[in-house]
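Here is a pair of chains to look through together, one question at a time. Have the structure open as you read.

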Amino acid sequence: MKTKRYYLAPLLAVFLLQAGVTAALGAVSFQCPGFDPAADSDTNGDGMLRATDDEISNPLTPSQVCMHLTGGDGFVTMADGKETYIFGFANVTGLPDNQVLETGIFAANFPAPSIILREGDNFYLSLTNVGMMLRPDLFDAHSVHFHGFPNAAPVFDGLPDSAVAIVMGSTLTYYYQLAEPGTHMYHCHVEAAEHMQMGMLGNLYVQPAQNRLPDNTDLNGFIHHTGYKYALNDGDGSTYVDKEYPIQIGSFDPAFHDASESVQPLPFAAMKDKYAMLNGRGYPDTVNPDPLPAPVKNNGKVSQPVSTLIEAVAGEKVLLRISNLNVTRFYTMASPSIPMQVVGKDARLLRGADPDGNGPLLGQNLYYKTSSVTLGGGESVDVILDTAGIEPGTYFFYTTNLNYLTNNTEDFGGMMTEILITN
Amino acid sequence: MNRMNGKQGILIPVVFMLLMLFGGQAQAVVNGVTGTNFNFAVREGHISSPDGGSILMWGYANGNGLMQYPGPTLIVNQGDVITINLTNELPAGNPVSILFPGHSVTASGGSQGLLTRESTSATDTVTYTFTASQPGTYTYHSGTRPELQIEMGLAGVIIVRPAGYSPANKTAYGTGDTAFDHEYLFVLSDIDPNVHDMVEFGMANQIDNSKRVSALWLINGRMAPDTMGPAYAPWLPHQPYNCLPRTNPGKKLLLHVVAAGREIHPFHVHGNNATIIAKDGRLLSTDGVTPDLAASEFTIQNEPEETVDAIFTWTGKDLGWDIYGAGVGYEHDCVDNSGDGFDDVTHEYCADHNKQFPVLLPEKQDLVFGGFWSGSPYMGNSAQLPPGEGGLNMNGGYFFMWHSHTERELTNFNIFPGGMMTMMVVEPPNVIIP
């Protein structure tokens with residue numbers, strides 16, 4: 001009687017809460033200097049606390065940003081309707097510590113809550129391990145690996161082999177000073193092959209400081225104006241965009257998830273992903289602008305809020321921050337009707353070194369136009385779609401590994417989304 | 001977590017302890033053979049997987065040596081004329097050969113095969129000759145039934161040193177932008193054990209390549225945690241090459257990344273981006289001198305048969321806290337006379353000097369600890385850990401995992417962790433890396 005196990009949720013919550021109460025240590029402990037849980041909250045609803053949004057009473061610096069995630073389990077709905085067991089992260093930012101467990105247990109999202117930062121931020125990221133409700137046999141720790149963080153230190157790298165990871169009922173806080181912009185990604189690195197196949201993956205990117213230059217700044221002939229956005233610090237406006245979308249490639253092997261749910265040996269070598277997704281959904285769910293309805297098995301908690309519907313007015317430039325965190329294969333993504341200009345790879349501008357290192361002479365430009373990009377796990381690219389001259393209509397962005405345009409056995413789905421161009 | 005994981009949890013420390021015993025061999029060099037004339041024989045042997053498995057391989061052997069996987073790494077000098085004599089000690093009916101992609105080769109002796117001249121027996125010598133005209137990283141591999149023989153292990157690497165190369169003037173391609181302090185080889189490959197079993201059982205003619213499925217993933221012919229063992233370990237006689245990169249802050253690490261299997265691998269370097277300076281033995285350059293077309297990546301896409309040269313440097317810049325600790329008990333100087341922002345000796349980033357560690361770490365009972373965790377977030381420091389925890393980080397170094405980001409490849413026969421993975425360590429500045 002599998003369904004009975006869901007009633008364990010409050011039980012586990014009580015157990016963890018009591019553990020937190022009775023032990024002197026080992027409790028939920030959100031660290032955000034100057035944050036007052038009685039007065040402060042995520043007022044603008046972006047999932048983060050930001051000093052410049054007046055969401056932290058007494059920040060150490062104006063560039064302070066805080067976030068609080070939980071690591072646990074839950075369910076998501078595949079595009080063919082199958083409810084699938086996952087491990088994942090949920091966002092509890094701003095909640096008082098004594099509400100974190102009951103909110104964060106059995107609330108895993110896929111993809112994980114997006115982490116959107118700005119170059120120069122001082123970022124405090126707390127991770128509370130709320131345990132896996134459907135797997136009481138597991139005592140797994142969790143971590144956050146900020147993938148591609150420049151000059152990382154092991155203590156905040158999230159690699160359990162070289163540092164520490166957090167046990168159930170407790171909180172570990174990571175700190176990152178964002179000195180460089182770019183499209184990164186994040187995931188749990190504990191038992192990586194298992195926890196990542198199970199869904200502990202999310203979007204993470206850092207917007208460039210060039211976005212916040214004073215009005216009328218001359219960038220080698222390109223005049224910056226307030227509100228302008230760029231992919232990276234290009235020095236010449238060549239990565240200007242009107243809007244940006246994170247797109248994370250992911251895919252699930254239903255046999256693996258079913259084996260995990262029913263506590264069976266896990267197939268690694270035989271892993272074969274059959275649900276190919278963008279931002280945690282297969283087509284046509286990718287183009288649903290709203291959060292997907294909560295899975296029945298999830299006790300009514302919404303777990304797939306991220307849409308991948310791309311919308312632009314003809315003439316706009318659209319930045320796609322594409323990352324791949326699937327654990328089984330490479331995927332090729334194509335936009336055959338709207339050419340893509342690749343301007344960044346792995347959080348760096350595609351440009352050779354500045355010849356004399358002093359500017360304003362720029363290095364060799366390595367941007368290229370293409371209709372497809374190929375990414376393996378752990379790779380990211382910054383792609384600009386220029387919609388100038390594109391007729392209004394619906395265009396597709398999809399994998400040319402065409403057998404992955406499926407939701408398991410259901411055809412016409414999978415790793416695909418739509419680009420809507422309007423006048 | 002799979003219950004069987006416990007076994008390998010023990011194995012990693014054991015292997016590492018053994019490494020420490022044989023520490024003198026953990027050198028920052030690419031192991032291989034040097035010279036201009038080589039006698040290779042193709043022989044059979046069994047390689048080991050860390051779970052005790054044993055896989056039949058065919059490999060190139062140097063002289064009278066054992067067959068090895070990958071084949072002997074040839075380290076030669078630009079301009080040298082290289083001669084390789086090949087004989088064949090495989091069971092009759094399996095002719096063998098060598099192709100040298102990127103080189104113009106003359107072959108003599110033996111008999112003509114589909115792609116090149118082949119050796120059919122121990123007394124049938126084929127001689128291959130080529131001039132190592134351009135520096136860089138190259139592969140060599142079988143040109144006879146390559147769909148079977150490369151899978152069986154007939155593949156290796158050639159590193160051509162640029163003219164003017166010396167231990168005091170180490171460069172990858174002869175110019176200052178390609179200079180390095182330490183270098184390491186990463187031969188990435190994959191194995192379908194079923195193919196090897198069928199060869200061993202005399203059923204090679206029944207192998208169906210369309211059904212090939214990898215189950216083992218390797219770096220330099222070893223599966224983690226054996227990748228971190230010593231080079232030339234006596235208990236791995238057919239897998240002489242290890243992969244344990246070490247460096248110090250600010251030093252330049254040259255990576256020779258070579259895909260020698262069937263699959264494309266995304267090789268992720270924790271710690272920092274690496275700059276891709278060359279592919280397939282050619283500098284990424286408009287003028288042939290400066291790698292001005294080089295891009296910086298945190299995951300290196302390594303396609304089958306491709307070689308990539310990359311330079312990696314870790315400095316700890318801009319972390320926002322002092323990696324050597326701040327305040328009482330952590331007193332140290334940061335002296336920057338050169339004006340590059342870093343201490344002239346330790347390469348500490350002076351702008352972060354004496355800045356406090358930004359967060360409170362949980363108490364020990366709230367954490368699980370990695371074997372490579374020193375107990376302290378500070379470089380060169382350590383702190384007491386619960387019994388049985390840590391212990392693999394003698395110098396308080398910063399360890400980073402370098403691995404395939406196709407994470408299912410971090411397994412050996414379905415057991416995590418293992419496979420295409422190793423640890424790179426940034427040792428404190430006072431630790432001298434040979």
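**Questions on a predicted model**

In this predicted model, Gly375(B) lies in the loop between E22 and E23 of chain B.

Q: Is Gly375(B) buried, partly exposed or exposed?
A: A residue needs 20 or more C-beta neighbours within 10 Å to be buried, and 12 or fewer to be exposed. Gly375(B) has 19 inside 10 Å, so it counts as partly exposed.

Q: Which strand of chain B pairs with E7(A)?
A: Here we cross from one chain to the other. Ala165(A) stands opposite Val368(B). The pairing is antiparallel over three bridges, and the partner of E7(A), residues 367–369 of chain B, is strand E22.

Q: Which element gives the most to the side of chain A that touches chain B?
A: The contact as a whole takes 61 residues from chain A and 56 residues from chain B. On the chain A side, strand E5 (122–131), strand E7 (164–166), strand E8 (171–177) and helix H3 (192–197) each give two or more residues. With five residues, the element that gives the most is E8(A).

Q: How many residues on the side of chain A that touches chain B are nonpolar?
A: This side can be sorted by residue type. Ten of its residues are charged and 17 are polar, while the nonpolar ones number 34.

Q: Which strands stand at the edges of the open five-stranded sheet in chain B?
A: The order of this sheet is E14-E24-E23-E16-E20, with mixed pairing. Inside the sheet, E16(B) (residues 265–269) and E23(B) (residues 398–404) run antiparallel, joined by three bridges, and Phe267(B) has Ser404(B) as its bridge partner. An edge strand has a single partner, so one side of it is left without a neighbour in the sheet; here those strands are E14 (246–247) and E20 (299–302) of chain B.

Q: Which residues have the most contacts inside the largest nonpolar core?
A: This core has 227 residues. As an example of the contacts in chain B, Phe186(B) touches residues including Ile219(B), Cys243(B), Leu255(B), Val257(B) and Phe267(B). The residues with the most contacts inside the core are Phe186(B), Leu188(B) and Ala310(B).

Q: Within what arc do the buried residues of H4(A) fall, seen down the axis?
A: In helix H4 (residues 254–261) of chain A, the buried residues are Phe256(A), His257(A) and Ser260(A). They line one face of the helix, because their directions fall within an arc of 95°.

Q: Which elements are among those that cover the buried residues of H4(A)?
A: The cover comes from both helix and strand elements of chain A. It includes strand E3 (83–91), H3 and strand E15 (243–252).

Q: Which residue of E16(A) stands opposite Gly250(A)?
A: E15(A) and E16(A) run antiparallel, with four bridges between them. E16(A) (residues 275–278) is covered on both faces, with Ala276(A) and Leu278(A) buried on one side and Tyr275(A) and Met277(A) buried on the other. The residue opposite Gly250(A) is Met277(A).

Q: Over which residues of chain A is the pLDDT below 50?
A: The mean pLDDT of chain A is 93, and 94% of its residues reach 70 or more. One stretch, with seven contacts in the model beyond near neighbours in sequence, has a pLDDT below 50: residues 17–24.

Conventions: Residues are numbered from 1 along each chain as its sequence is written. Chains are lettered from A and ligands numbered from 1 in the order in which they are written. This is a predicted model: local features need pLDDT of at least 70, side-chain atom pairs count only at pLDDT 80 or more; totals for chains, interfaces and linings use all residues. Two residues are in contact if their C-beta atoms, placed from the backbone, lie within 7 Å. Ala, Val, Leu, Ile, Met, Phe, Trp, Tyr, Cys and Pro count as nonpolar, Asp, Glu, Lys and Arg as charged, and the others, Gly among them, as polar. Two strands pair if DSSP finds at least two bridges between them. The arc is that of the directions from the helix axis to the C-beta atoms. A nonpolar core is a set of buried Ala, Val, Leu, Ile, Met, Phe, Trp, Tyr and Cys residues joined through C-beta atoms within 7 Å. pLDDT is the predictor's confidence in each residue, from 0 to 100. Lists of a residue's contacts leave out its neighbours within four places in sequence.
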